[in-house]
Every structure is written in structure tokens, then in C-alpha cells.
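Me: I'm new to this one. Can you walk me through it?

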Amino acid sequence: QVQLEESGGGLVQAGGSLRLSCAASTPTYETYDLSWFRQAPGKEREFVAAVAWDGESQWVADSVRGRFTISRDTALDTAYLQMNSLKPEDTAVYYCAALRYFSRNAAAYKWWGRGTQVTVSS
């Protein structure tokens with residue numbers, strides 16, 4: 001059983017920053033990569049970024065590379081998504097997801113958080 005809880009969403013003006021957190025609770029004998037996806041109204045869920053179980057590897061979508069960074073505190077088992085230079089098109093519900101081995105395909109994931117809303121005003 002894996003439990004994920006996101007926090008840190010909110011309303012920000014274009015050009016601003018937000019940091020999202022994903023606190024994970026996972027079985028002690030298993031390791032999980034943690035990923036962020038986002039879903040805007042009327043659109044499919046989209047991969048944003050992922051970080052390996054040990055924090056040593058990161059993957060970032062081309063659409064946010066250079067603006068978003070992902071990191072992981074292994075002691076807290078919490079992943080962070082630092083979002084800078086936000087744009088109105090970044091507006092979406094952001095979801096944290098866990099998988100033994102990272103995938104960019106949302107359908108591969110079994111474990112999801114409830115999501116946190118990010119709204120960027122122009």
C-alpha cells in the first residue's frame with residue numbers, strides 16, 4: 001500500500017513561483033520512483049517530472065525544462081517540484097504518483113495522490 005499527499009498549490013501571477021510537495025508513505029521493503037503529472041480541464045493527464053527512489057536521477061518534460069526542477073528528500077520520503085517562471089498554460093491540477101520504475105505513461109501508475117490545484121493568472 002502506497003499513500004501520497006500533495007501540498008503547495010495555489011494562485012500565483014505569471015512569472016511567479018510555487019513549490020509543490022509530495023509526501024510518500026511506502027512499504028519499507030520496496031522502493032518507488034515519484035512522479036508529477038498535471039491535468040488541465042478538457043486535456044489528458046500529462047507527465048511533468050520524476051525523481052528516482054534515491055534522488056539520484058531526475059526526468060523532466062520538455063515543456064517545463066529550464067523552469068521546473070524536481071528533487072527528493074529521502075529521509076522524509078518527500079518529492080518536491082519547484083516551479084519557476086510560471087505561465088498561464090501551467091494552470092492544472094498537479095498529481096503525485098508512485099511507481100517502482102519511472103514511466104512517462106500515466107496509465108502505468110497504480111498509486112496517485114488526490115492532486116493540488118495550481119492556477120497561474122495572466
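Me: Which side chain does the side chain of Arg 38 make a polar contact with?
Reply: That of Asp 90, at 2.9 Å. Keep in mind that this is a predicted model.

Me: Where does Arg 38 lie?
Reply: In strand β4, which covers residues 33–39.

Me: Is Arg 38 buried or exposed?
Reply: Buried. Its relative accessible area is 6%, and the cut-off for buried is under 20%.

Me: What else is Arg 38 in contact with, leaving aside its neighbours within four places in sequence?
Reply: Quite a list. Among them are Glu 44, Arg 45, Glu 46, Val 48, Ser 63 and Val 64. Phe 68, Glu 89, Ala 92, Val 93 and Tyr 94 are on it too, along with Asp 90.

Me: Back to Asp 90. What does Asp 90 form with Arg 38?
Reply: A salt bridge. The closest N and O atoms are 2.9 Å apart. Asp 90 sits in the loop between β8 and β9, while Arg 38 is in β4, so the bridge ties together parts 52 residues apart in sequence. Both residues are buried.

Me: Why can side chains pair like that?
Reply: Opposite charges can pair when the charged atoms come close.

Me: Which residues do salt bridges with shared partners join into one network?
Reply: Arg 38, Glu 46, Arg 67 and Asp 90.

Me: How many salt bridges does the structure hold?
Reply: Five. One of them pairs Asp 77 with Arg 72, with the closest N and O atoms 2.8 Å apart. Asp 77 and Arg 72 are buried as well.

Me: New topic. How many disulfides does the structure hold?
Reply: One. Cys 22 is joined to Cys 96, and the S to S distance is 1.9 Å. The two cysteines are 74 residues apart, with Cys 22 in strand β3 and Cys 96 in strand β9.

Me: Which residues make up those strands?
Reply: Strand β3 is residues 18–25, and strand β9 is residues 92–99.

Me: Why is the disulfide left-handed?
Reply: Because the torsion about the S-S bond is about -75 degrees.

Me: Are those cysteines buried or exposed?
Reply: Buried. Cys 22 has a relative accessible area of 0%. For Cys 96 the value is also 0%.

Me: Now Tyr 32. Where does Tyr 32 lie?
Reply: In the loop between β3 and β4. Tyr 32 counts as buried, at 8% relative accessibility.

Me: What does the side chain of Tyr 32 make a polar contact with?
Reply: The side chain of Glu 30, at 2.6 Å.

Me: And which residues is Tyr 32 in contact with, leaving aside its neighbours within four places in sequence?
Reply: They include Val 2, Thr 26, Pro 27 and Trp 53. Arg 72 is another of them, and Arg 72 is the salt-bridge partner of Asp 77. Ala 98, Leu 99, Arg 100 and Trp 111 are also in contact with Tyr 32.

Me: How many residues apart along the chain are Tyr 32 and Ala 98?
Reply: They are 66 residues apart, and their C-alpha atoms are separated by 5.9 Å.

Technical notes
Residues are numbered from 1 along each chain as its sequence is written. This is a predicted model: local features need pLDDT of at least 70, side-chain atom pairs count only at pLDDT 80 or more; totals for chains, interfaces and linings use all residues. Side-chain values use heavy atoms; hydrogens and water are left out. A disulfide is a pair of cysteine sulfur atoms within 2.5 Å. Helices (H or I, at least four residues) and strands (E, at least two) are DSSP runs, numbered from the N terminus. Buried means under 20% relative accessible area, exposed over 50%, partly exposed in between (1.4 Å probe, protein chains only). A salt bridge is a side-chain nitrogen of Lys or Arg within 4 Å of a carboxyl oxygen of Asp or Glu. Contact means heavy atoms within 4.5 Å. A polar contact is a pair of N or O atoms within 3.5 Å; within protein, one must be able to donate a hydrogen and the other to accept it, and residues adjacent in sequence count only if both atoms are side-chain atoms.
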